[in-house]
Amino acid sequence: MRRLALLSAVLLLTGVTVPASAHRQVRVPGAEYQQVAHLDDLTTTGTVASGHTNPADYAGLTHSGLQTPPSVPGVQIDGYFPDTSRTNSNHGWNHDSQFVIRLPKKWNGGLVVSGSPGVRAQYANDKAISDYVLSLGYAYAGTDKGNTGAAFHTDGVRPGDAIVEWNLRTTQLAKAARATVAQYYGRAAREVVAAGISNGGYLVRWQLENHPELYTRGVDLEGTLWTAKGPNLFTFLPPAIRGYEQQSPELIAKAGFDPRSEFLWDYHYSVYWKLTQRIYAAELDPSYTGTEADYDYASRPQARKAVQRIALTGKIGKPLVTIHGTYDSLLPITQDSDVYAAMARRTGLHTYERVEAGNHVDGLVDAYPDRLVPLVPLLQQAIAQTSRER
């Protein structure tokens with residue numbers, strides 16, 4: 001055993017990982033169930049073919065011009081932590097708190113931890129984050145946040161419980177993934193990066209505020225901002241919905257949306273605005289029975305109490321890069337990252353990049369290639385910058 005440990009140390013120092021066969025069976029701490037697979041390719045090119053991802057989880061989040069990485073051989077661990085809810089049907093498990101951990105054969109000593117955007121499941125970041133960081137040699141871990149889908153709000157008892165669980169499950173995965181990496185490679189990760197998009201970006205912010213000891217730094221792409229006093233989804237979505245239904249672009253712009261993004265509003269009203277308002281009101285203010293357009297956050301003290309449970313403070317304890325597009329037509333930049341940047345500025349740890357003509361996600365870039373700028377490549381570059389600096 002001593003000789004094997006010495007061999008492992010030598011190989012790791014020279015940038016070559018120990019073959020998986022040299023390790024005992026890797027176990028994810030705290031997992032109720034897990035499956036380990038040795039794969040020729042951990043990227044989506046390989047995992048789609050082998051059944052180790054779900055393309056529906058990441059559909060619409062990236063544009064067709066996103067670079068396809070070369071194959072990355074290694075080990076994938078799929079499983080779940082103990083949980084009683086059943087909103088995630090991946091693998092036919094009907095069990096929440098599912099995770100995926102990917103361990104590349106050639107490891108750079110780093111780990112990227114990510115929670116899913118929106119109300120998607122654990123493979124949602126496979127194209128946007130996992131593929132890219134694996135190509136750099138990072139290990140990768142993703143979580144479904146403990147509940148998924150438009151009925152996520154049914155998980156829990158108190159208003160806000162489901163979102164509170166998102167934060168707890170991300171912390172749980174970060175701890176378990178750090179231990180798994182150390183167990184598998186024979187040493188601790190030298191760098192642990194929290195990265196995420198939208199609700200996943202919110203998780204990055206919350207993690208660096210509440211558990212900075214688990215991470216080296218973070219990168220968030222248009223993370224959702226929750227503050228009890230506002231702004232938050234409830235302060236800008238209802239007036240935007242009213243403005244659209246009254247055919248008043250002025251009201252939508254007054255709610256915080258860039259007037260130059262008007263060409264995106266039909267789609268976002270139909271797909272995002274009303275649904276988002278409805279399901280988050282069901283989560284944080286379940287006694288509300290009115291329309292999405294009539295919702296008035298200022299008159300809903302019970303909602304403010306629930307939002308306080310998940311609110312951000314800006315008091316990050318590790319460096320954070322935030323990237324946000326000016327044409328974001330779900331989380332308007334003036335009501336989200338502009339505000340969070342001001343909240344975090346006092347820490348001296350926050351870097352903010354405003355991207356002209358970037359939308360909330362890159363799924364519409366192919367439809368408007370001359371009007372929208374893709375943001376996922378910038379997210380990837382920010383993660384890569386972490387790697388280059390170390």
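The axes of helix H5 and helix H9 (residues 265-284) come within 7 Å and cross at roughly 90 degrees. Axes are lines fitted to C-alpha atoms, for helices over the stretch in contact, and angles run from 0 to 180 degrees between N-to-C directions. H5 and H9 are therefore roughly perpendicular to each other (65 to 115 degrees; under 35 counts as roughly parallel, over 145 as roughly antiparallel, the rest as oblique). From H5, the contact (heavy atoms within 4.5 Å) is made by Asp-161, Ala-162, Ile-163 and Trp-166. H9 contributes Tyr-280, Glu-283 and Leu-284. These residues divide into 5 nonpolar, no polar and 2 charged. Here Ala, Val, Leu, Ile, Met, Phe, Trp, Tyr, Cys and Pro count as nonpolar, Asp, Glu, Lys and Arg as charged, and the others, Gly among them, as polar.

The model is predicted; local features need pLDDT of at least 70, side-chain atom pairs count only at pLDDT 80 or more, and totals for chains, interfaces and linings use all residues. Residues are numbered from 1 along each chain as its sequence is written, and side-chain values use heavy atoms, without hydrogens and water.

An open sheet holds 9 strands in the order S1-S2-S3-S5-S4-S6-S7-S8-S9, with mixed pairing. Helices (H or I, at least four residues) and strands (E, at least two) are DSSP runs, numbered from the N terminus. Two strands pair if DSSP finds at least two bridges between them. Strand S1 (33-39) and strand S9 (350-355) are the edges, each pairing on one side only. The twist averages 15 degrees from one strand to the next. Strands S7 (residues 217-221) and S8 (residues 320-325) run parallel and are joined by 4 bridges. Leu-221 has Ile-323 of S8 as its bridge partner.

H5 (residues 161-185) also packs on the sheet. This helix touches S2 (74-80), S3 (98-104), S4 (110-115), S5 (139-143) and S6 (191-197). Its direction makes about 30 degrees with that of S3. Helix H11 (residues 337-344) lies across S8 and S9, running at about 160 degrees to S9.

Most residues other than glycine have a negative phi, and most peptide bonds are trans. Ser-97, in the loop between S2 and S3, has a positive phi of about 65 degrees. Ser-97 is buried (under 20% relative accessible area; exposed is over 50%, partly exposed in between; 1.4 Å probe, protein chains only), at 1%. Lys-145 lies in the loop between S5 and H5, with phi near 75 degrees. Lys-145 is buried too, with a relative accessible area of 0%. A cis peptide bond joins Gly-230 and Pro-231, with omega about 5 degrees. Pro-231 sits in the loop between S7 and helix H7 (233-245).
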